[in-house]
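Here's a quick briefing to read with the model open in your viewer. Take the topics in any order you like.

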Amino acid sequence: MSRVDTDWRLELRGVTKVFQRDQLQVHALGPLDLRVADGEFVSIIGPSGCGKSTLLDMIAGLEQPTSGEIWLDGAPAPYRLGKVAYMHQRDLLLPWRTVLENAIVPLEVKRIPRRQAIERAMPWLRRFGLAEFASRYPAQLSGGMRQRAAFLRTLPTQCPLVLLDEPFGALDALTRSSMQEWLLMLWEDLDRTVILVTHDVEEAVLLSDRVVVLSQCPGTIVADIPVDLPRPWTYAIVTDQAFVSLKARLLAALRRQPTLGVVTDDA
Amino acid sequence: MTECCRALSSSQLFAWELACRAFAVPDWVLPPPSAILAALLRDYRLLLVHLSVTMSEIGLGLIVSIVLAIVLAIGIVASRLIERSVYPLVVASQAIPIVALAPLLLIWFGYGLTPKVIVVVLICFFPIAVNMVDGLRGVDHELIDTVRSLGASKWQTLRFVRLPAALPAFFSGLRVAAAVSVIGALIGESIGASAGLGYLMIRAAAPFHTDHVFAAVLVSALVSIALFASVTWLERQTLPWRTRPRTEP
């Protein structure tokens, strides 16, 4: 295959995932074709059990597709561990490490000396308003702060592609909306490519350039809708006509799925 | 709570003392606490000499047990082959009656330090190893995936996630090991020894110096408690993230 367009940060080419469970084969995902441009913010929504998290696991390299290829930066990337930043709904901070020590884990994994790693991480901590909590343990922080610390962990390694799996799902509505605003602000001056999995349609519309809708299991792309809302927005936008009609289109795309189908996989 | 315990134990001691005097129990059958205390104070030098021997057996035995248990546990968790071949042996080692082993240890290693350390290890490595295996296995898999997604090698996953996550379980095992290690040393010394608290007990029992026997038992019990407490202290120092109070900023 020839090198085509290097502007694509990520390409999924006919990706499918079939899980083998005992004698049972579960077709969880695909075939999927998806291209994400450099610097784009793409949200993926879909009914629960459609394989959204499996998709992110595959992009991160934790799982391999059963068939198809995943390309990064215009080249096939069979080994992706360490090349893509990945953040879960659960903060997954290491409880025995302080906020600062958690922030430097990705750098330590890349064998950067501790002192140097701390020097690189400290500016991020300051920027995230976590500097004064640097020596606290995760259990001593509030949910919103833990989530910020977990997000911070994805940044110092400079991975251009960031995967977010319902990062605000476990937060209360108020914290969530302030975290969304904060994330968007951050993304605008970070120049990262973000793929966000969510089942909150409003969140998807607010944050993304593009929303991809997945079908029931096995998950395939049923809609790929660009978001053309003016930026920067304020929260008043949620009553704006353009916003409401976009939301309605997405909900309709989601609703076209039989919601009472057999859910075989809740991954 | 501690007040209550203190009151209870002091009243028990008092009852013991009173009973010995009231029924005129001869000292060689059951000496009263006052006689034991007197023996303890009178012969503290002798006790200290034998204590130091027993402590070195325990210390060495515990260190060897810790190293052996950690290596075994990592091996068992890392490889199915090791798990299948070694884990049964680890369990079987606990079925060996040490009394049966005693003459062999004597023949192979003589009267010195080695056979005692071996007995301590036989008794102590098991609780550490079993707890450690459970600790290494019980790690939240998503934590491992998180570090894996950062590109961590198997060794780094062990260092960054599995080992620190297993530390609390390790300390539970070590606490048990520390408490029973004294028994190991005493059994080891009863096989055949020329020094140590166990040796002292046997030597004092023959001529009915029962107050000495009790003094040695008391010292061993104190050693057990002290070891248990030091492991608890060490655990607090090593795992500050478990003991720091939760504060919502």
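**Two chains, one predicted model**

In this predicted model, 21 residues of chain A are in contact with 20 residues of chain B. On chain A's side of that contact, helix H3 (residues 105-109) of chain A gives the most, with three residues. Sorted by class, the side of chain A that touches chain B comes out at 15 nonpolar, five polar and one charged residues.

**The open sheet in chain A**

- Four strands of chain A line up as S2-S1-S4-S5, making an open sheet with antiparallel pairing.
- S2 and strand S5 (75-76) of chain A sit at the edges with a single partner strand each, so each has one side without a neighbour in the sheet.
- S1(A) and S2(A) run antiparallel and are joined by 10 bridges; as one pairing to look up, A:Leu10 has A:Val36 in S2(A) as its bridge partner.
- Helix H1 (residues 52-60) of chain A lies across S1, S2 and strand S4 (67-72) of chain A, at about 120° to S1(A).

- Strand S3 (residues 41-45) of chain A is mostly covered, with five of its five residues buried.
- In a regular strand, side chains alternate between the two faces of the sheet.
- Here both faces of S3(A) are covered: A:Phe41, A:Ser43 and A:Ile45 are buried on one side, and A:Val42 and A:Ile44 are buried on the other.
- S3(A) pairs in the parallel sense with strand S8 (residues 193-197) of chain A, over four bridges, and A:Phe41 has A:Val194 as its bridge partner in S8(A).
- S3(A) also runs parallel to strand S9 (residues 210-214) of chain A, again with four bridges; there, A:Ile44 stands opposite A:Val212.

**Positive phi angles in chain A**

- As background for a backbone check, most residues other than glycine have a negative phi.
- A:Asp22 is not a glycine, yet its phi is positive, at about 55°.
- Look for A:Asp22 in the loop between strand S1 (8-21) and strand S2 (24-37) of chain A.
- A:Asp22 counts as exposed because it has 5 C-beta neighbours inside 10 Å, and the cut-off for exposed is 12 or fewer.
- A:Glu166, also a residue other than glycine, has a positive phi near 40°.
- A:Glu166 is in the loop between strand S7 (161-165) and helix H6 (173-188) of chain A.

- Helix H8 (residues 154-191) of chain B has 38 residues, but its end C-alpha atoms are only 44 Å apart.
- A straight helix would reach 56 Å at 1.5 Å a residue.
- H8(B) has a kink of about 45° at B:Leu167, shortly before the proline B:Pro168.

**Around B:Val117**

- B:Val117 lies in helix H6 (residues 113-137) of chain B.
- B:Val117 is buried because 24 other C-beta atoms lie within 10 Å, against a cut-off of 20 or more.
- Leaving aside neighbours within four places in sequence, B:Val117 is in contact with B:Glu57, B:Leu60, B:Gly61 and B:Val64.
- How far apart in space are B:Val117 and B:Glu189? Their C-alpha atoms are 9.9 Å apart, while the two are 72 residues apart in sequence.

How values were computed
Residues numbered from 1 in each chain as written. Chains lettered and ligands numbered in written order. Predicted model: local features only at pLDDT ≥ 70, side-chain atom pairs only at ≥ 80, totals over all residues. Helix = DSSP H or I, 4+ residues; strand = E, 2+ residues; numbered from the N terminus. Expected span 1.5 Å × (residues − 1). Bend = angle between axes of the 7 residues up to and from the residue. Contact = placed C-beta atoms within 7 Å. Nonpolar A, V, L, I, M, F, W, Y, C, P; charged D, E, K, R; others polar. Pairing = 2+ DSSP bridges. Axes fitted to C-alpha atoms, helices over the stretch in contact; angles between N-to-C directions.
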